[in-house]
Amino acid sequence: MPGLPLALLLLLLLAPPAPPARAAPPRSTPRPREMTATPAEPGRPGAPGMGTGTAAAPPEGTATVPPKGTASAPSKAATGGWPGSAAPASPAPPERGSPKQMGPGATAPAPRKKLVRVKVVKKKVVKKKKPKAPAKDAAALQEPQCPPLGLESLRVLDSQLRASSDKRYGLGAHRGRLNIQSGLYDGDFYDGGWCAGQEDTKQWLEVDARRLTNFTGIITQGLNSIWTYDWVTSYKVQVSNDTYTWHPCRNGTEEAVFPGNKDPETPVLNLLPSPVVARYLRINPQTWFPNGTICLRAEVLGCPLPDPNNIYAWQSQPLPSSKLDFRHHNYKEMRKLMKRVNDECPDITRIYSIGKSYLGLKMYVMEISDNPGQHEVGEPEFRYVAGMHGNEVLGRELLLNLMEYLCREFRLGNPRVVQLVTETRIHLLPSMNPDGYETAYKLGSELSGWAMGRWTYEGIDLNHNFADLNTVLWDAEDNDLVPHEFPNHYIPIPEYYTFANATVAPETRAVIDWMQRYPFVLSANLHGGELVVTYPFDMTRTYWKAQELTPTADDGVFRWLATVYATSNLAMASEERRLCHYDDFTRFGNIINGANWHTVPGSMNDFSYLHTNCFEITVELSCDKFPHASELPAEWENNRESLLLYMEQVHRGIKGVVRDRDTEQGIANAVISVDGINHDVRTAFDGDYWRLLNPGEYEVTARAEGYEAATQPCRVSYENVPTPCSFRLARLRPRRLQGRPAGGARPPPDLLLRLRRQRLRRLRAHRRAP
């Protein structure tokens, strides 16, 4: 550095030192402003007019807005009278204790203005109400955008599930599916979830999506068991593309820890902080129920993505051939769909209500026939019933799709549908328990759990709410009273069941009245939660047994009807089909006697068979009680042929009309008996009847009060065409009617002898007369 001149150095040495610079205040986090403001007092530093360093006063005419949250109201003087008028600001009064007279040279204070009190009248402003935006459905708000991968619906195979460890095979990774149910016995091969073999934070359950997937959320449950209580209370999530390198799901810079369950059954949904694209996903439990162990059931939400490394298109499920409304319909949307179908096909459809639920929702039925609203002689009546359990919703959507399908195919001239509609009177009840459905619908397809919405609003299980006619029949059979003194059909409802204080749901009473008004021949009750078809009896004959084979007199016919639906259902007939929970129904062709599965006293199937002419089975449609809307098209394809083929079975057997020989009028309530089958049917009010029978030759007898019985052979072919078998009954003459016991039974021999002698005496007397 070059040296400085001497003069410059002297000036620097003799110059006075500069004042020290004020240090800048240290930076600190700005605090939130206080909600109240403190005015500065005159005469103190910082007050207006105190000179340098003070805050400048706002210019004249500028309104000073108090801080937000200040509760002080403007003074009357400041308002200046009416709202909206500007008033000059008045100077503040002198401070208490200040001298009244100013010294020489001081400026005289301004004269004090007189305060004028002005009454402020506030005008009431009427605000116009803005129209409310249309509220979205609760299910639509809670429904994640990406569908489930399919752990619950079995679209995810067992080979796609792995775990770090497990207690035993029955608690392996393949059991960690949402809503899976355990067997009755602890320790069997089919337990209710995945349980880790060790209790530490290094355990995991892995799901292989088999392709790149945009994961968005996870739903978890605890272990389903009647013996232990186990669930996970928190967990982490990791993803990978090769199962070697795992990346944790982060919430910002920290690894996210998701809250788990508080009980074994309630599903808990956790959405990821941001969607993650990967192929593999692991659930890593961190904490669990203190008195239990690491056990969980899960469902993963994600949207599949195309694989850029695969030049071949990913094999997706076939699209449905019918363009139908594949979504979940609440009560309001169900009414709209039924109304739309009725508008499209007014000539073959009719909507009517059979009653109301406990909360007042109507139980609507769609009738499909070539003459809706009219019973045609010789045309059988068929019904489908769905939604007996409100959370088993697949049957409801299938019947709504069936309405659309029959209407559109009839208009297009589909010969199969045209024949079915013109020769059958079809009744579709999509929701027998509308109150329960609305409860499940509000939670959504994945969060309603296994039982939420199953019962009615009053807490009644409709599948156990019908009158128990089985016990009455079996007691009469044990005493050899059937059929001479006690009927084997049309068994009357017990008196206790008709009392006003009886525990009978209004939905049940409405269905019973419906059964009594229409001469139904065949029916099916659509449920969910399994893949099997059950047939009566549903109640075990030995009352203390939970399972017992209890066939009906028409066991062969019921087995055929169940087989028709099971063999034509794509999901049941699939060779790759997996067990839903713990029962292997594939050994029996996916059909089973209801009582041999589990006893159900007061079922609708048994009541329908014993109180009416209708044969009814139960169809368990899917492992998932509440499938996601994205799975509805595939479920329709699985069941479309089954629904149609089962309806066509109403024409199997014999049919005919029982008429009066003299007047040719139909005889109502005539009894039709088949030799060798201890179950009769009766004619409808027009005298027509239908009797479901398997192929073969039968001796059929028709009886009616006041008529002579008639018997004739009837042969049922293998073709699905009913065999005509009509009767013309002759009236009993009054003389022959005398002394004849009730019911049309043959008189005793001594009575016949007395009547014969009496006729001979009258004949001789008639000959002797001139």
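**Figure 1. The salt bridge between Arg327 and Asp325.** In this predicted model, Arg327 forms a salt bridge with Asp325, and the closest N and O atoms are 2.9 Å apart. A salt bridge is defined here as a side-chain nitrogen of Lys or Arg within 4 Å of a carboxyl oxygen of Asp or Glu. By this rule the count comes to 32 salt bridges. Side chains of opposite charge can pair when their charged atoms come close. Arg327 is partly exposed at 33% relative accessibility, whereas Asp325 is buried, with a relative accessible area of 15%. Buried denotes under 20% relative accessible area, exposed over 50%, and partly exposed in between, with a 1.4 Å probe and protein chains only. The model is predicted, and local features need pLDDT of at least 70, side-chain atom pairs count only at pLDDT 80 or more, and totals for chains, interfaces and linings use all residues. Residues are numbered from 1 along each chain as its sequence is written, and side-chain values use heavy atoms, with hydrogens and water left out.

Figure 2. Helices (H or I, at least four residues) and strands (E, at least two) are DSSP runs, numbered from the N terminus. The side chains of Lys336 and Glu333 meet in a salt bridge of 3.9 Å, N to O. Lys336 is partly exposed, with a relative accessible area of 44%, while Glu333 is buried at 18% relative accessibility. A salt bridge also joins the side chains of Asp343 and Lys339, at 2.9 Å from N to O. Asp343 and Lys339 both belong to helix H4 and lie four residues apart, about one turn of the helix. Asp343 is partly exposed, with a relative accessible area of 47%, and Lys339 is partly exposed at 44%. Salt bridges that share partners join Asp325, Arg327, Glu333, Lys336, Arg340, Glu404 and Arg408 into one network.

**Figure 3. Helix H5 (residues 394-412) and the glycine that follows.** Helix H5 has 19 residues and reaches 27 Å from its first C-alpha to its last, close to the 27 Å expected at 1.5 Å a residue. The expected span is 1.5 Å times one less than the number of residues in the helix. H5 is mostly covered, as 15 of its 19 residues are buried. Gly413 follows H5 and has a positive phi, near 85 degrees.

Figure 4. Two strands pair if DSSP finds at least two bridges between them. Strands of a sheet pair through backbone hydrogen bonds, either parallel or antiparallel. S4 pairs with strand S9 (residues 268-288) in the antiparallel sense over eight bridges, and Val232 stands opposite Trp288 in S9. Strand S8 (residues 258-259) pairs with S4 in the antiparallel sense over two bridges, where Pro259 is the bridge partner of Ser234. Two bridges also join S4 to the antiparallel strand S5 (residues 247-248), and Pro248 in S5 is the bridge partner of Gln238. The hairpin of S4 and S5 has six residues between the strands, and in this hairpin Thr243 takes a positive phi near 70 degrees.

**Figure 5. Strand S22 (residues 688-691), covered on both faces.** Asp688 and Trp690 on one side of S22, and Tyr689 and Arg691 on the other, are all buried. Strand S19 (residues 654-660) and S22 pair in the antiparallel sense over four bridges. Trp690 in S22 is the bridge partner of Lys655.

**Figure 6. An open sheet of four strands.** The order of the strands is S21-S20-S23-S24, with antiparallel pairing. Strand S21 (677-682) and strand S24 (710-716) are the edge strands, each pairing on one side only. Neighbouring strands of this sheet are turned by 30 degrees against each other on average, direction ignored. Axes are lines fitted to C-alpha atoms, for helices over the stretch in contact, and angles run from 0 to 180 degrees between N-to-C directions. Within the sheet, strand S20 (residues 671-674) and strand S23 (residues 696-703) pair in the antiparallel sense over four bridges. Ile672 stands opposite Ala702 in S23.
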